[in-house]
Amino acid sequence: MIRKTFLVAAAFSSFFALSCTAKPKSAAESETALGPKLSYEGYTLKFEDNFDGDKLDSSKWGFEYHEPGWVNNELQSYDDNKENTYVKDGNLIIQALEKKEDGKKTYTSGRINTLGKYEAKYGIFEARLKVPAGQGFLPAFWMMPANEQLYGQWPLCGEIDIMEVLGHETDKSYSTLHFGEPHTQKQVSKKLKKGDFSKEFHTYSVEWLPDEFKFYVDGEFIGSVTEWFTKKVGDDPVTFPAPYDQPYYMILNVAVGGNWPGNPDSKTKFAENARMVVDYVRVYQKDSYDENVKMKEIDVKVRDAGKDGNLVRQDKSAWEYMQQQGGDGAVKFNGDIIEVTTKKAGVVDYSVQLVQADIPLVKGAWYEFSFDAWSTENRTTLIGITGPNNGYVRYFGDEKLQLTKDRKSFNYKFQMKQTTDPACRIDVNMGATPSIAPIYMSNFKLIKSGSSAIEEGEKSVTSDGNYVYNGSFDRGDGRMKYWKAVCAEGSSQEITNINNIRECKVNVGSAKANAVVLSQDKIPLASNTEYSFSVTSDSASFSKAKVFVNDTKLNLKQSGNVYKCVFTTKKVPDTSVIKFVFEDKGEFIFDNVSLVENALVKNGAFSKGISGWELYAYSSSDAEVTADNGAVIKINDTNDAEWKIQLKQNRVSLKKGKTYVLSFDVSSTKDRLVKYALQRDGARWKTLHGVEDWVPYNMGPVAEATKNLQHVEDEFTMTYDSDDFTILTFSLGAVNNIKIKEAHTVVIKNVKLIEK
């Protein structure tokens with residue numbers, strides 16, 4: 001159940017011993033076991049709802065309310081209508097309804113969850129239910145984190161789909177993890193040899209362990225996932241098993257229409273066909289879990305190269321020609337030459353496409369990729385190697401080829417820096433180009449040329465503008481990546497991890513010089529520049545700590561639990577060092593070490609690349625960003641909503657009653673609209689208040705971007721409460737519902753936010 005987020009307690013418990021033999025079986029069980037049956041040994045029932053009453057138990061479930069199109073282009077609205085969600089005969093019924101108003105069809109349905117009522121980390125989560133049948137229905141039993149701001153907006157926060165069944169394919173169920181960025185999913189499925197998920201009850205379960213998700217249908221193992229991550233583009237991954245190391249809540253809903261199932265058609269029937277009937281929902285947990293785990297990387301089997309070492313198969317049947325979204329053409333094989341002719345270029349670069357699948361790439365390996373290409377006139381085309389099973393992430397490319405009448409050899413060398421993928425794909429995209437001249441290609445080679453450790457780039461600035469890496473102590477082994485700790489005898493340093501709060505804890509056994517020194521080097525500060533430093537601590541003794549940047553001691557001032565100062569550098573070395581020194585006996589606990597430019601918007605001139613900024617793309621193939629005298633956002637497809645492509649910066653500080661001027665320059669190779677907003681962090685707001693609210697403090701105006709650079713200024717007064725977690729967003733998706741399938745480039749530069 002892919003969901004969107006705009007830019008996105010007292011728990012009921014029953015404690016008693018559980019006997020495996022007391023577990024009821026579904027009417028038709030899976031016939032082929034890929035692994036051992038689900039075992040409840042060592043588990044205790046913690047949550048149970050058998051829906052035995054005459055109404056939904058509000059101590060366990062709450063309703064969600066959403067308008068049509070809120071997520072995945074779905075057609076239904078969600079409300080608490082008793083026609084949509086009710087309890088009857090010991091079952092929960094979620095009923096999708098079709099209505100006609102003024103000759104127009106509308107749809108309503110139900111969506112309930114346990115947010116704020118029951119949330120859990122690890123365990124067995126299961127439901128016994130029947131699904132609706134018919135084109136356009138998508139029932140789901142799934143989970144989302146209670147605190148969506150912990151790691152960031154979807155998909156960074158992680159999503160657990162225990163059961164999804166397409167209404168037109170009711171003999172197959174899907175179980176999926178969504179995470180990223182870039183958005184990645186791992187999915188297993190179960191296809192019945194006999195029976196129908198809509199005609200009889202089946203039990204869907206996930207055993208969620210710190211280092212593995214095991215999925216089951218009717219107690220039979222259908223597959224597992226052991227590899228996942230969460231990180232912002234340009235940042236380090238948060239220490240495994242993030243994001244799946246936090247409490248999640250359960251969701252039950254029936255969607256109508258949308259991206260995956262498609263919309264209802266003339267054969268779709270509602271009434272009983274449109275019901276999800278739930279017999280029970282249960283959660284079991286063990287007394288404790290060992291969270292000190294590392295990712296179990298699967299030893300992926302990859303196919304061998306040819307005798308000449310070439311991973312590209314030469315058989316013409318290995319290539320597949322595809323056309324979509326207005327593309328039209330044909331492919332012809334003339335000996336070792338591939339000829340692609342185009343009648344219509346279509347509206348997106350993949351409207352005319354030639355691909356070869358089953359290309360294996362091994363993590364850490366270096367590859368030499370080469371081929372010949374030419375045309376009958378000057379024209380362009382794109383080539384890359386993607387991961388279709390990983391959200392079409394680009395492992396290499398897209399390289400824009402400038403073709404001429406002369407046959408030219410193209411040669412590239414690249415390293416596979418992501419997890420081994422045995423099923424990559426070579427994509428040659430020839431659509432959405434002014435010229436439709438034929439393209440000729442030959443002599444494709446992909447040769448593995450060795451392997452080496454994956455080198456990390458030089459430290460610059462994190463995506464939130466921080467010059468200190470891992471200032472929140474949640475990266476790397478022991479959550480201490482980039483930090484060096486030196487402790488005198490009798491003193492110690494560690495990272496705590498209590499309820500997902502990670503803090504640096506220092507214990508000084510006896511007062512002495514340099515009892516504990518914590519330092520981080522290679523910080524690229526600039527000379528004659530003003531910076532702001534801050535650190536949080538609830539330890540009364542922290543005021544005795546000393547903080548140095550190079551050899552300069554910072555004069556920290558305390559405000560609540562925040563210690564901060566503003567300082568200006570003089571001449572600094574190429575790389576600087578920040579150092580904490582503890583010399584007084586006692587305990588010091590601190591977190592959130594931040595060293596940023598003393599400006600409301602960081603790196604607004606993009607002189608440090610895109611450091612301090614991040615690009616969100618709903619599909620990683622839709623857009624990419626580089627820096628060249630500004631942020632250069634190449635957009636292949638705006639998708640269908642404004643938020644599906646965004647350039648953003650987090651943690652902008654706005655004060656109530658203050659007046660601000662936001663200014664920037666913008667251009668686009670295709671005339672279009674760009675929405676810009678300083679808005680509330682809705683995920684954080686949901687954690688604090690239970691509902692999402694992404695209100696734009698500056699009303700979210702729209703700018704017209706043309707080929708000529710436009711200067712935009714927007715003055716506004718902050719009328720809401722002060723917000724140190726404001727998000728600055730440039731929305732580059734389908735602004736005002738205007739979809740653009742044509743590849744184009746938007747440039748944003750000179751972003752400034754000034755308090756008047």
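Reader: Which residues does Val 281 touch, and which residue with the most contacts inside the largest nonpolar core is among them?
Author: This is a predicted model, and what follows is computed from it. Leaving out residues up to four places away in sequence, Val 281 touches Phe 47, Glu 48, Asp 49, Phe 51, Trp 61, Glu 126, Ala 127, Phe 141, Met 250 and Leu 252. The largest nonpolar core has 62 residues, and those with the most contacts inside it are Val 281 and Leu 252.

Reader: Is Leu 129 buried or exposed, and what is its relative accessible area?
Author: Leu 129 lies in strand E9, residues 123-130. Not counting residues up to four places away in sequence, its contacts include Met 163, Phe 201, Leu 252 and Val 278. Buried means under 20% relative accessible area. Leu 129 is therefore buried, with a value of 0%.

Reader: Which strands stand at the edges of the sheet of seven strands?
Author: The seven strands form an open sheet with antiparallel pairing, in the order E2-E8-E17-E10-E11-E12-E13. At one end, E2 pairs with strand E8 (residues 111-113) over two bridges, and Phe 63 stands opposite Ile 112 there. Each edge strand pairs on one side only, and the two are E2 (62-63) and E13 (184-191).

Reader: How many of the residues of strand E11 are buried?
Author: Strand E11 covers residues 159-164. Four bridges join it to the antiparallel strand E10, where Trp 142 stands opposite Asp 161. Another four bridges join E11 to strand E12, also antiparallel, and Glu 164 has Tyr 174 as its bridge partner there. The strand is mostly covered, and the count of buried residues is six of six.

Reader: Why is one side of strand E19 and of strand E25 left without a neighbour in the sheet?
Author: Five strands form an open, antiparallel sheet in the order E19-E22-E27-E24-E25. Inside that order, six bridges join E22 to E27, and Ile 359 stands opposite Cys 424. E19 (319-323) and E25 (393-403) are at the edges, so one side of each lacks a neighbour because each has a single partner strand.

Reader: What is the average twist from one strand to the next in that sheet?
Author: The sheet in question is the open one running from E19 to E25. Its average twist from strand to strand is 20 degrees.

Reader: Why does the pair of Trp 374 and Tyr 440 count as stacked?
Author: The model has 55 aromatic pairs. Rings pair if their centres lie within 6.5 Å, and planes under 30 degrees apart count as stacked. The centres of Trp 374 and Tyr 440 are 5.7 Å apart, and the pair is stacked because the angle between the planes is 15 degrees.

Reader: How many residues apart in sequence are the parts that this pair ties together?
Author: Both Trp 374 and Tyr 440 are buried. Trp 374 lies in strand E23 and Tyr 440 in strand E28, so the parts tied together are separated in sequence by 66 residues.

Reader: What is the angle between the ring planes of Tyr 618 and Trp 643?
Author: Tyr 618 is in the loop between strands E40 and E41, and Trp 643 in the loop between E42 and E43, 25 residues apart. Both are buried. Their centres are 5.7 Å apart and the pair is edge-to-face, with an angle of 85 degrees.

Reader: Is Met 699 buried or exposed?
Author: Met 699 lies in the loop between helix H1 (682-689) and strand E46 (702-705). Its phi is near 75 degrees, a positive value in a residue other than glycine. Exposed means over 50% relative accessible area. At 68%, Met 699 is therefore exposed.

Note on methods: Residues are numbered from 1 along each chain as its sequence is written. This is a predicted model: local features need pLDDT of at least 70, side-chain atom pairs count only at pLDDT 80 or more; totals for chains, interfaces and linings use all residues. Side-chain values use heavy atoms; hydrogens and water are left out. Two strands pair if DSSP finds at least two bridges between them. Axes are lines fitted to C-alpha atoms, for helices over the stretch in contact, and angles run from 0 to 180 degrees between N-to-C directions. Buried means under 20% relative accessible area, exposed over 50%, partly exposed in between (1.4 Å probe, protein chains only). Rings of Phe, Tyr and Trp (its six-membered ring) pair if their centres lie within 6.5 Å; planes under 30 degrees apart count as stacked, over 60 as edge-to-face and the rest as tilted. Contact means heavy atoms within 4.5 Å. A nonpolar core is a set of buried Ala, Val, Leu, Ile, Met, Phe, Trp, Tyr and Cys residues joined through side-chain atoms within 4.5 Å.
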